[in-house]
Amino acid sequence: MFDPKSRYAALPPVQVKDARGRTVEAIPPAPRPRQSLRGIHLHKQHERTDHLAALYLSDGTAYWRLAELNDAMTAEVVTEKREISVPNPLIEEEP
């Protein structure tokens with residue numbers, strides 16, 4: 001269901017009850033990655049998070065990492081900031 005590179009690919013589904021009382025399968029939220037700060041990007045008008053992720057992380061699909069580091073619920077919220085925190089390209093391993 002998910003791309004093999006997705007942070008959701010390895011998460012096991014859980015059984016939950018929906019609003020109508022039915023048991024459905026859902027994917028839990030992914031754990032927050034341990035990221036260190038690479039630097040700050042000064043946002044310019046019309047810049048998109050997928051383009052910034054491609055520039056700094058060499059992966060346009062890693063825009064979610066910019067959102068995580070900037071405590072933004074969605075990638076679009078990141079573009080409303082003047083200063084965008086940029087993570088290092090590699091996610092730190094758990095100790």
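Which residues line the second largest pocket? In this predicted model, the lining consists of R7, Y8, P29, A30, Y63, W64, A67, E68, A72, M73, T74 and A75. Several of these residues return below under other topics, among them R7 and E68, whose side chains meet in a salt bridge, and A67 and A72, which are listed in the largest nonpolar core.

**The second largest pocket**

- The volume of the second largest pocket comes to about 160 Å³, and its lining residues divide into 9 nonpolar, 1 polar and 2 charged.
- Helix 2, which spans residues 63-69, gives the most to this lining, with 4 residues.
- Y8, one of the lining residues, is found in the segment before strand 1 and counts as partly exposed, at 26% relative accessibility.
- Leaving out residues up to four places away in sequence, Y8 touches F2, I27, P28, P29 and A30; of these contacts, P29 and A30 are also named in the pocket lining.
- Y8 and P28 are 20 residues apart along the chain, and their C-alpha atoms are separated by 8.4 Å.

**The salt bridges and their network**

- The count of salt bridges in the model comes to 5, and R7, R32, E68 and D71 are linked in a network of such bridges.
- Side chains of opposite charge can pair when their charged atoms come close.
- The side chains of R7 and E68 meet at 3.0 Å, N to O, and this pair links distant parts of the chain, with R7 in the segment before strand 1 (14-17) and E68 in helix 2, 61 residues apart.
- R7 is partly exposed, with a relative accessible area of 26%, whereas E68, at 18% relative accessibility, counts as buried, because buried means under 20% relative accessible area.
- E68 also meets the side chain of R32 in a salt bridge of 3.3 Å, N to O; R32 lies in the loop between strand 2 (23-26) and strand 3 (37-42) while E68 lies in helix 2, so this pair ties together parts that are 36 residues apart in sequence.
- R32 in turn forms a salt bridge with D71, at 2.6 Å, N to O; since D71 lies in the loop between helix 2 and helix 3 (75-78) and R32 in the loop between strand 2 and strand 3, this pair ties together parts that are 39 residues apart in sequence.

- Most residues other than glycine have a negative phi.
- D71, a member of the salt-bridge network, has a positive phi, near 50 degrees, in a residue other than glycine.
- D71 is placed in the loop between helix 2 and helix 3 and counts as exposed, at 62% relative accessibility.
- H46 likewise has a positive phi in a residue other than glycine, with a value near 75 degrees.
- The place of H46 is in the loop between strand 3 and helix 1, where H46 counts as exposed at 71% relative accessibility.

**The largest nonpolar core**

- The largest nonpolar core has 10 residues, namely L52, A53, L57, A62, L66, A67, A72, V78, I84 and V86.
- The elements that give two or more residues to this core are helix 1 (49-57), helix 2 and strand 4 (83-87), and the largest share, 3 residues, comes from helix 1.
- V86, one of the core residues, is in contact with S36, L37, R38, G39, H41, Y56, L66 and L69, leaving aside its neighbours within four places in sequence; of these contacts, L66 is itself listed in the core.

**S36, a contact of V86**

- S36, which is among the contacts of V86, is found in the loop between strand 2 and strand 3 and is partly exposed, with a relative accessible area of 23%.
- The C-alpha atoms of S36 and Y63 are separated by 15 Å, the two residues being 27 residues apart along the chain; Y63 is also named in the lining of the second largest pocket.

Note on methods
Residues are numbered from 1 along each chain as its sequence is written. This is a predicted model: local features need pLDDT of at least 70, side-chain atom pairs count only at pLDDT 80 or more; totals for chains, interfaces and linings use all residues. Side-chain values use heavy atoms; hydrogens and water are left out. On a 1 Å grid over the protein atoms alone, a cavity is a set of points where a 1.4 Å probe fits but cannot get out, and a pocket is an open set with protein on both sides within 12 Å along at least five of seven lines; lining residues have an atom within 4 Å of a point. Grid points are joined across faces, edges and corners, and a volume is the space filled by probe spheres set on the points. Ala, Val, Leu, Ile, Met, Phe, Trp, Tyr, Cys and Pro count as nonpolar, Asp, Glu, Lys and Arg as charged, and the others, Gly among them, as polar. A nonpolar core is a set of buried Ala, Val, Leu, Ile, Met, Phe, Trp, Tyr and Cys residues joined through side-chain atoms within 4.5 Å. Buried means under 20% relative accessible area, exposed over 50%, partly exposed in between (1.4 Å probe, protein chains only). Contact means heavy atoms within 4.5 Å. A salt bridge is a side-chain nitrogen of Lys or Arg within 4 Å of a carboxyl oxygen of Asp or Glu.
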